[in-house]
Amino acid sequence: MSKDVTKALAACLQELHLPAVRGQYEAVARQASAEAWSYPEYLLELLERECQQRRQRRIERLLKESRLPLEKNWAALDLKRLPVKAVQQLRGLLSGDFVDRRENILVFGPPGSGKTHALCAVAQELVRQGRRFLLTTTALLVQELLAAKRDLTLKGLLKRLSRWEALILDDLGYVQQSREEMEVLFTLLAERYERGSVCLTSNLPFSKWEQVFKDPMTTAAAVDRLVHHSVIVELSGPSYRAEAAKRGKNDPKDGLP
């Protein structure tokens with residue numbers, strides 16, 4: 001291939017935004033020649049490589065935008081520590097059908113039982129399938145919603161949040177809100193009702209959610225919207241963090257008994 005043709009081809013591929021084809025067409029051409037590929041076979045191989053690279057870059061972008069901790073993945077999730085029913089439920093969530101149905105995932109359990117890891121592991125698997133998830137602590141999101149309300153931009157923030165197929169609200173039980181803060185959280189839940197999935201973790205059972213929403217009627221309305229289309233996963237067992245700390249104290253390398 002002449003230098004002029006090579007230069008012109010590279011320019012066209014750059015203009016068409018085909019970086020994988022631009023970087024690999026010569027090597028693939030040599031392989032095609034050696035293996036006697038047809039022209040369509042050569043073209044298909046190049047385009048498949050381009051598509052694969054684009055899918056990989058999209059997944060990398062979605063993972064970064066999701067704010068999911070990559071170390072809390074499915075491979076690192078100790079399923080043997082979880083209740084059998086919970087494991088079955090979590091495996092069922094990996095299909096992602098609940099996202100299409102706009103169902104909510106509510107994970108309950110004591111501190112350290114693996115609630116956040118379980119949700120993040122499922123979410124990460126689905127992000128790698130091309131789904132759009134966003135992880136945030138409930139407390140942080142409430143403050144963002146409250147600030148938007150004060151700045152008269154709450155409608156815009158809710159619209160931006162609606163772009164995510166699923167929102168993961170971590171640690172609902174630790175939120176001790178004022179009535180104004182409760183109202184913006186309820187506004188979010190009402191806005192997403194049957195429009196997008198909400199995945200949340202809580203160490204408080206529904207019977208104690210009035211500590212969060214401050215008002216019996218608002219609490220009932222929030223629970224009703226979350227439970228209507230939902231999968232409820234209950235975890236139990238000793239704290240991961242407490243056991244890890246105990247192992248660390250007993251580590252012979254530390255010179256401790």
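F108, F206, W209 and F213 come together as one aromatic cluster. The structure is a predicted model, in which local features need pLDDT of at least 70, side-chain atom pairs count only at pLDDT 80 or more, and totals for chains, interfaces and linings use all residues. Residues are numbered from 1 along each chain as its sequence is written, and side-chain values use heavy atoms, with hydrogens and water left out.

A pair of aromatic rings is described by the distance of the centres and the angle of the planes. Here, rings of Phe, Tyr and Trp (its six-membered ring) pair if their centres lie within 6.5 Å, with planes under 30 degrees apart counted as stacked, over 60 as edge-to-face and the rest as tilted. This rule gives four aromatic pairs. The pair of F108 and F206 is edge-to-face because the ring centres are 4.9 Å apart and the planes stand at 75°. F108 belongs to strand β1 (residues 104-108), while F206 sits in the loop between β4 (197-202) and α10 (210-213), so the pair ties together parts that are 98 residues apart in sequence. Helices (H or I, at least four residues) and strands (E, at least two) are DSSP runs, numbered from the N terminus.

With a 1.4 Å probe and protein chains only, buried means under 20% relative accessible area, exposed over 50%, and partly exposed in between. F108 is therefore buried at 10%, whereas F206 is partly exposed at 27%. F206 also forms an edge-to-face pair with W209, at 5.0 Å centre to centre and 70° between the planes. W209 is buried, with a relative accessible area of 0%.
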